[in-house]
Amino acid sequence: MFNLILFGPPGSGKGTQSQNILDTYKLHHISTGDLLREEVKKESTLGLEAKKYMDQGLLVPDEVVIGMISGKIDENPEARGFIFDGFPRTTEQASALDKLLEFKGTEIDLMLSLEVPEAELVKRLLHRGVTSGRSDDNEEVITKRIKEYHTKTAVVADHYNTQSKLVNLKGDGDIETTFRLIKKEIDKYLQPA
Ligand code: B4P
């Protein structure tokens, strides 16, 4: 089993590149952002709670997100491996993920961190806001999300760096160029399926 964390600030291309990785390596994709948006759409209790945070550009509480992830791993025992997209976003989530995987006899193999300058992030997210209708893609909320990333999430890279699993990649090229950089790293562990 090969387990990858795709890491980076909001708008760095985690969701976009997850799709490319999925197509090439047939890993199972777990995006906490997508899972939370599905719950919001269903207007479930979890979704209504999560929406309060997401609409403000804040992280959803750890216990809500960790519970969701555990279920998704259990539902896919035959997976070749997992892409964790947008998770973990706090050191608490990282420790919980490590424990969860250890319990299942596996671990994170690699964290790829996409580095993109802030001005480019804002530009991409404002553009996505026009087409996606996402309530968190306006300038005020984007600024809050980037701030949350710096205060709570950026430190998660250190967690995996101390385990020698972190690789930083330039994420400001076009989608194909960035995917070539990602593929070069994953190929060291796994062949395309
Ligand atoms: P997410 O859904 O994870 O989304 P994101 O960080 O905004 O975007 P991503 O990096 O995936 O960017 P994308 O590929 O779409 O989070 C949303 C919210 O959910 C959070 O703010 C939080 O409230 C909550 N949440 C999620 N996970 C959580 C967790 N673990 N704990 C607590 N709360 C959590 O790319 C953005 C845009 O750029 C797209 O339009 C794309 O087309 C474009 N783009 C991508 N790559 C490009 C490139 N190379 N060149 C030009 N444009 C590019």
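Select F7 first: this residue is buried, with a relative accessible area of 3%. Buried means under 20% relative accessible area, using a 1.4 Å probe and protein chains only. This is a predicted model, where local features need pLDDT of at least 70, side-chain atom pairs count only at pLDDT 80 or more, and totals for chains, interfaces and linings use all residues. Residues are numbered from 1 along each chain as its sequence is written, and side-chain values use heavy atoms, with hydrogens and water left out.

**Aromatic pairs**

The structure holds 4 aromatic pairs. The ring centres of F7 and Y149 lie 5.9 Å apart with planes at 45°, so this pair is tilted. Rings of Phe, Tyr and Trp (its six-membered ring) pair if their centres lie within 6.5 Å; planes under 30 degrees apart are stacked, over 60 edge-to-face, and the rest tilted. F7 sits in strand β1 (residues 2-7) and Y149 in helix α7 (residues 139-153), 142 residues apart. Helices (H or I, at least four residues) and strands (E, at least two) are DSSP runs, numbered from the N terminus.

Next, select F82, F84 and F87. They form one aromatic cluster.

**The cores**

Stay on F84. Which residues does F84 touch, not counting those up to four places away in sequence? Among them are N3, I5, I30, I69, L97 and I108. Contact means heavy atoms within 4.5 Å.

F84 also belongs to the largest nonpolar core, which has 28 residues. A nonpolar core is a set of buried Ala, Val, Leu, Ile, Met, Phe, Trp, Tyr and Cys residues joined through side-chain atoms within 4.5 Å. Helix α4 (62-74) gives the most to this core, with 5 residues. A second, separate core of 15 residues includes F2, Y25, L27 and L110.

**The pockets**

Select G11, K14, R128, R134 and R145. Of the 41 residues that line the largest pocket, these lie nearest its centre. A pocket is an open set of points on a 1 Å grid over the protein atoms alone, where a 1.4 Å probe fits, with protein on both sides within 12 Å along at least five of seven lines; lining residues have an atom within 4 Å of a point. α6 (118-132) supplies the largest share of this lining, 6 residues.

Finish at the second largest pocket. Its lining includes R37, E38, K41 and K51. Which helix gives the largest share of this lining? α2 does, with 4 residues.

How values were computed:
Buried < 20%, exposed > 50% of the residue type's maximum accessible area, 1.4 Å probe, protein only.
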